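Have a look at the model first, then follow the points below.

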Amino acid sequence: MSAEKVTVSVIKADVGSVVGHSRPHPSMLEASKGILADAQKQGIIEDFYVTRVGDDINLYMTHYKGKGNKDVHGAAWECFQKAAKIAKSMKLYAAGQDILTDAFSGNVKGAGPGSAEMSFEERGSEPLLFFMADKTEPSAYSLPLSKIFLDPFTTTGLVVDARAKKGFCVEIQDVIDNKKVVMKSPEETLSILSLLGDTSRYAIKRICSRAGIGPACVVSTDKLNLTAGKYIGKDDPVCICRAQSGLPSVGEYLQPFINPMLVAGWMRGSHYGAFYPCSPEDSDPVYFDGPPRICCLGFQLNEGKLQGLEPLGTKNGEHIPVDFFKSDTWDLARANAVKASRFIRSQGPFMPSILGPEEMEYTSRPEVLKELTSRFERLD
Ligand code: F6R
Ligand code: MG
Ligand code: MG
């Protein structure tokens with residue numbers, strides 16, 4: 001009989017911040033911790049950790065209830081409701097932004113928050129990485145994940161680890177048409193890249209081992225613009241990864257972030273900026289509402305519980321993860337990201353500093369064109 005599968009869920013939302021779109025108030029995070037501690041006592045979740053990246057609250061939860069579970073999603077929904085209430089009481093900025101419905105229907109999908117979840121049989125030792133990005137969109141992970149899982153010049157393990165060498169199944173989501181396709185690496189690598197290169201439409205949803213290890217990573221791909229019926233914000237996506245023993249190692253997951261990568265989002269969700277790797281503590285958007293930031297926290301899983309640097313068995317989410325991008329090893333990557341962002345920013349409101357017309361979160365062009373309707377003349 002196979003072992004019971006553990007589920008790791010990250011559910012996240014921006015429900016208001018101090019100052020402008022910078023960071024949630026500490027009391028919003030504390031309130032979320034209290035609600036998840038109750039959910040833990042009730043046996044809904046095994047364990048949890050509450051953190052943030054920029055203005056987004058991120059709830060990490062482990063449980064045995066499977067993906068899309070009503071009680072687990074309900075606990076997260078309650079956290080965001082409560083945090084939004086606190087934000088409103090303090091007149092914080094964009095209080096309640098990602099709460100798009102009054103009635104919880106059993107799942108946060110389509111209700112505003114983003115979610116990434118994976119279920120698997122816990123291995124003898126299970127290292128987990130949690131990437132969190134702010135001021136960008138799900139397809140921002142496509143380039144680093146392609147390097148990690150498809151490029152042997154990035155991940156030596158793809159060549160020298162017999163299980164990694166068997167390749168991976170890559171699920172690609174068409175975020176506009178709401179459909180998906182599963183493709184196989186290494187044999188379909190070039191076709192996979194042909195799709196993923198269009199970051200305005202295609203994004204990696206999940207990647208699974210072809211050596212029987214199960215899921216390797218999963219990305220939150222809920223497009224807020226579609227769920228809201230209008231563009232109200234980039235998703236600021238999360239990505240949960242399992243590492244080592246036939247999957248990319250921790251170091252192989254981190255390596256691509258040493259070089260600047262331009263991703264869509266940044267100021268007004270309408271610019272390209274370079275991913276800035278940092279600690280959650282350093283993730284306030286301090287330069288032109290950005291640049292887009294990427295954090296990576298690590299935990300070991302221990303019988304469904306999160307194990308960080310805290311003493312064994314600590315309860316109530318009082319965990320201390322390994323904060324990978326905190327190290328000054330990343331100072332050069334940060335400096336290069338600011339340099340790249342500054343360069344592209346110098347082009348002001350001209351493409352490719354700003355995004356293509358269909359991707360702009362803000363645009364005045366339709367009104368400008370309307371006003372000019374009678375003044376435009378046909379060319380001979
Ligand atoms: C981007 C973001 C910010 C805002 C910008 C304008 O995701 O959150 O860059 O878009 O600060 O915000 P409003 O329109 O609220 O003044
Ligand atoms: Mg915000
Ligand atoms: Mg955000």
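1. Let's begin with Arg201, which is partly exposed at a relative accessible area of 25%; buried means under 20%, exposed over 50% and partly exposed in between, with a 1.4 Å probe and protein chains only. Please keep in mind that this is a predicted model, where local features need pLDDT of at least 70, side-chain atom pairs count only at pLDDT 80 or more, and totals for chains, interfaces and linings use all residues. Residues are numbered from 1 along each chain as its sequence is written, chains are lettered from A and ligands numbered from 1 in the order in which they are written, and side-chain values use heavy atoms, leaving out hydrogens and water.

2. Which residue does Arg201 meet in a salt bridge? The partner is Asp174, at 2.9 Å from N to O; a salt bridge is a side-chain nitrogen of Lys or Arg within 4 Å of a carboxyl oxygen of Asp or Glu. Asp174, at 3% relative accessibility, counts as buried.

3. Another salt bridge joins Lys135 and Asp55, with the closest N and O atoms 3.0 Å apart. Both Lys135 and Asp55 are buried.

4. Asp56 pairs with Lys12 in a salt bridge whose closest N and O atoms are 3.4 Å apart. Asp56 is buried at 0% relative accessibility, and Lys12 is buried too, with a relative accessible area of 2%.

5. Arg23, Arg52, Glu281 and Asp284 are linked in a network of them.
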